[in-house]
Amino acid sequence: GETGTTRCRGRFEVFEPMERLLLVQVIDFLPGVAPYDSRIEVDLRPEGAGRVRMVVTLNPMHDAATSRMQAQGFESQLTKLDERLAP
């Protein structure tokens with residue numbers, strides 16, 4: 001069986017190439033929690049000399065503990081992205 005895997009559904013509500021993304025994920029897989037939408041915003045900001053700053057904004061989830069876990073997961077993934085894109 002699969003361990004640590006959760007299927008999720010979502011949709012892009014905003015897609016502005018090289019500028020902005022807005023992803024809305026449907027949180028409908030948590031026992032005892034009514035389904036709701038979670039918004040994740042990604043803004044890309046030019047910083048000159050071929051550099052771009054990516055700013056990810058996570059909106060609060062249904063409780064503080066889950067919001068912290070989401071932030072930790074994103075931090076982990078973004079660290080991997082930094083390592084992959086490093087010269």
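Visitor: Is Asp 28 buried, partly exposed or exposed?
Guide: In this predicted model, Asp 28 has a relative accessibility of 35%. Buried means under 20% and exposed means over 50%. Because its value lies in between, Asp 28 counts as partly exposed.

Visitor: With which residue does the side chain of Asp 28 meet in a salt bridge?
Guide: A salt bridge requires a side-chain nitrogen of Lys or Arg within 4 Å of a carboxyl oxygen of Asp or Glu. For Asp 28 the N to O distance is 2.8 Å, and the partner is Arg 9.

Visitor: How many residues apart in sequence are the parts that Asp 28 and Arg 9 tie together?
Guide: Asp 28 lies in the loop between β2 (20-27) and β3 (36-48). Arg 9 belongs to strand β1 (residues 9-16), so the separation in sequence is 19 residues.

Visitor: Is Asp 43 buried or exposed?
Guide: The relative accessibility of Asp 43 is 16%. The limit for a buried residue is under 20%, so Asp 43 counts as buried.

Visitor: Which residues are linked with Arg 11 in a network of salt bridges?
Guide: The side chains of Arg 11 and Glu 13 meet at 3.1 Å, N to O. The network also includes an Asp, and the residues linked with Arg 11 are Glu 13 and Asp 37.

Key
Residues numbered from 1 in each chain as written. Predicted model: local features only at pLDDT ≥ 70, side-chain atom pairs only at ≥ 80, totals over all residues. Heavy atoms only, no water. Helix = DSSP H or I, 4+ residues; strand = E, 2+ residues; numbered from the N terminus. Buried < 20%, exposed > 50% of the residue type's maximum accessible area, 1.4 Å probe, protein only.
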